[in-house]
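These are my notebook entries on one structure.

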Amino acid sequence: MSGSAERRTFSDTLAGYVTYYSPTQHRFGLRTSDDREFTVHLPRNVSSRIVRNLGDDYRDTTASTQDMLAEGRYLFAYGITYQWQGGERFEAKEITFPEESRGSYVFEHPAWWVQQAAAVADFYLRGHFPDGTYDWRNFRTHLTLSGTHLPDFDGADVRQETDTISRLVYGLSTAYLLTGEDRFLQAAESGTEYLREHMRVTDAQDGIIYWYHGIDVTRTGQRKVFASEFGDDFDAIPMYEQIYALAGPTQTYRITGDPRILNDIDGTVALFERYFRDRSLGGFFSHLDPITLDPNADSLGRNRSRKNWNSVGDHAPAYLINAYLATGREDFAALLEETADTIVERFPDEETSPFVQERFHADWSPDRTWGWQQDRAVVGHNLKIAWNLTRIKALHDKTEYATTADRIGEIMPAVGSDQLRGGWYDVVERRPDPDSGIHRMVWHDRKAWWQQEQAILAYLILAGTSGDPEQLRLAREAASFYNAFFLDYDDGGVYFNVLANGIPYLLGTERLKGSHAMAGYHALELCYLAAVYTGLLISNDPLTLHFRPRPSDLPDRTLRVAPDLLPAGSVELTRVWVDGEPYHRFDNKELTVKLPEGDVPVRVRVELEPAQMRLRMRTEFDGDTAHIRCDGVIDAAELEKFRRILGEVMAAEPQRVEFHLCQVTEMCRPAINELLFQRTKAGLDADFVIVGCTLPDVADALLSTDAFLLEGGDECAHE
């Protein structure tokens, strides 16, 4: 064989932590997530950047690349591998840093996910309603890469799918929860009304509600599509379609408290109980015959007498947790407990496979021959189980929920993630290949946006509830990959799939940003819950949420504002505003607000904080004066937060900065130095003022510089 035949070049991505940097040899070491060591060479033309959010400018760091290669820093290196007989060399062309500095990940800033939610929601509003009128007759299931209907997916006859509209309504409601922007709620409410008017069927005789698969909109009218017309579910009523029909309206109900929506939820749950439930052996069947509503009808073919992940587990994330958060009802809590119990009992299958079993016959025996799934695993479903069991454990504190979730979290990285490049795979064989021991990919090694979401949320909540640094590492790695490669800065929104190396895959239906599978649901669910888990469970930052209920619609005028199912006592409600004015009738432990009397909608803004928050910092501006109020401990662990908030205040260039430090019980020397540093940077025209009292050693250190003023006014005392 000739020497040239043994040469090979290919491009790829490496993800990992810097182990060393050699400026003389122009290379650095990289340790991947599974502890493999690589040498990365740096050519003269290597470029670098920091991960940026949707709506942000490009953040070039090429000039400081070498200075940023600090030991322990996480990064992505995209480059070219050169192989020849007896040798190999990886040469980086682009380096992407998800950290501002070591340990300071960009997506852990309190505003990150809120900003991303607004950008993603606006992408879908622009795409479906370019004239700014939220007329859902103009909605199209398919949306192009650039966010348009034309020319590919518009015409005389258009299919509107119920679940796709519902998922988008969910996303828009979620964006309102985070931002309080009226356009998102207006679109969500009009979408909910559209679903109720055109896709809902009320059976008064049986006391149930069910939802059409969709409608065909034509120039002459509409054609209702009753049974599903997807290949997997053709001519049947699949339970997952009924479940996801509730996703959007239920999230809207959390905000508005509209009793008509609650009636729809109850009527649909009655459908589940009457026709889908297996009263003999437990759980819910996956499909019904559309004529007889019989799950055992011969007409169902391969879907006859079947149960699956969607019919059992999808209740919790799609609508049930949100219905419970909005109502606190015991029947919803009981169904959540039953769901978790069934998952723990039936789905783990570690004796056979590290992946859960997802499909079953009526008697709960595994179905390993069904359709496309066969004996295959959807990686994201495993992560989804870990995530939702951890949520439900906050409501029903059962050891087996935590044990199962933790075990899944422990097993999955080695079999479901790409430990070389970062990110999580799609569908793999449940059993390893006997020759290699690898769980082979079923169709491809691409990575879907929704499976990244499941990984991020699973490891965030696992880390947030346990404090396990390994789970936090996995959460950060997953969020790094998603934010580095899935955000579309050119056209907006997020990509459906990327290649294994992170490059967007833009062919076929995976080129679309609106389809049966994609409608803003997972991307905005991620934004919302990543903000909740990061702020309230990990980084100790406050979270602001927005609601718009009609007080008379709520039982006892009580608005429930819990952000998610979180460990009991871990979060407190600290501040409330009603129609822009501070409001004090709330229960900080129960996370409820007793609204004033009235039958018109009111704007409710709430601020939630971790119950054990070590440092609270609140800032406000009064003209050219900035007020910084600190409460708690400013030590090494809180220094980064202190520096970040102080830097944000100083970026506004106030003429006077008043520090209210009377509630600070400890302040480390680096924090004092940070104040001195910022004072120097502010210039001579800005006044730095200590208002009221503060710790003697802090006051002495600051006043001795002659750079600070001391003013009374705070009524406080220290022991």
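**Entry 1: cavities**

I began with the lining of the largest cavity, to which helix α14 (residues 469–485) gives the largest share, three residues. I took helices (H or I, at least four residues) and strands (E, at least two) as DSSP runs, numbered from the N terminus. The model is predicted, so I noted that local features need pLDDT of at least 70, that side-chain atom pairs count only at pLDDT 80 or more, and that totals for chains, interfaces and linings use all residues. Residues are numbered from 1 along each chain as its sequence is written, and side-chain values use heavy atoms, with hydrogens and water left out.

I searched the whole structure and found eight cavities of 30 Å³ or more. On a 1 Å grid over the protein atoms alone, a cavity is a set of points where a 1.4 Å probe fits but cannot get out; a pocket is an open set with protein on both sides within 12 Å along at least five of seven lines; lining residues have an atom within 4 Å of a point. A volume is the space filled by probe spheres set on the points, with grid points joined across faces, edges and corners.

The largest cavity holds about 120 Å³ of space. I listed 13 lining residues for the largest cavity, with Ser33, Asp418, Gly422, Gly423 and Glu477 nearest its centre. By class, the lining of the largest cavity has six nonpolar, five polar and two charged residues. Here Ala, Val, Leu, Ile, Met, Phe, Trp, Tyr, Cys and Pro count as nonpolar, Asp, Glu, Lys and Arg as charged, and the others, Gly among them, as polar.

The second largest cavity holds about 60 Å³. Its lining includes Phe107, Trp113, Arg476 and Thr534. At least two lining residues of the second largest cavity come from each of α13 (449–466), α14 and α15 (521–538). I counted eight nonpolar, one polar and two charged residues in the lining of the second largest cavity.

**Entry 2: the largest pocket**

I recorded a volume of about 1,200 Å³ for the largest pocket. It is lined by 41 residues, and Asp232, Trp372, Trp450, His516 and Ala517 are the closest to its centre. Two or more lining residues of the largest pocket come from each of α5 (239–245), α8 (309–312), α11 (379–393) and α13. The lining of the largest pocket divides into 16 nonpolar, 15 polar and ten charged residues.

**Entry 3: the five-stranded sheet**

I traced an open sheet of five strands in the order β29-β30-β31-β32-β33, with mixed pairing. Strands β29 (615–622) and β33 (709–711) are at the edges with a single partner strand each, so one side of each has no neighbour in the sheet. Neighbouring strands of this sheet are turned by 25° against each other on average, direction ignored. Axes are lines fitted to C-alpha atoms, for helices over the stretch in contact, and angles run from 0 to 180 degrees between N-to-C directions.

Strands β31 (residues 656–667) and β32 (residues 687–691) run parallel and are joined by four bridges; two strands pair if DSSP finds at least two bridges between them. Arginine 656 stands opposite aspartate 687 in β32, and valine 657 has phenylalanine 688 of β32 as its bridge partner. Why did I note β32 as largely enclosed by the rest of the structure? Four of the five residues of β32 are buried, where buried means under 20% relative accessible area, exposed over 50% and partly exposed in between (1.4 Å probe, protein chains only).

Helix α17 (residues 669–682) lies across β30 (625–634), β31 and β32, and runs at about 175° to β31. Contact means heavy atoms within 4.5 Å.

**Entry 4: the four-stranded sheet**

I found a further open sheet, with antiparallel pairing and the order β22-β28-β24-β25. Strand β24 (residues 571–578) pairs with β25 over three bridges in the antiparallel sense. Valine 576 has tyrosine 583 of β25 as its bridge partner.

**Entry 5: single residues**

Valine 158 lies in strand β9 (residues 158–161) and is buried, at 7% relative accessible area. Leaving out residues up to four places away in sequence, I found that valine 158 touches Arg140, Ile215, Asp216 and Val217.

I noted a positive phi, near 60°, for leucine 591, in the loop between β26 (586–587) and β27 (592–594). Glutamate 653 has phi near 55°. Is glutamate 653 buried or exposed? Glutamate 653 counts as exposed, at 64% relative accessibility, whereas leucine 591 is buried, at 10%.
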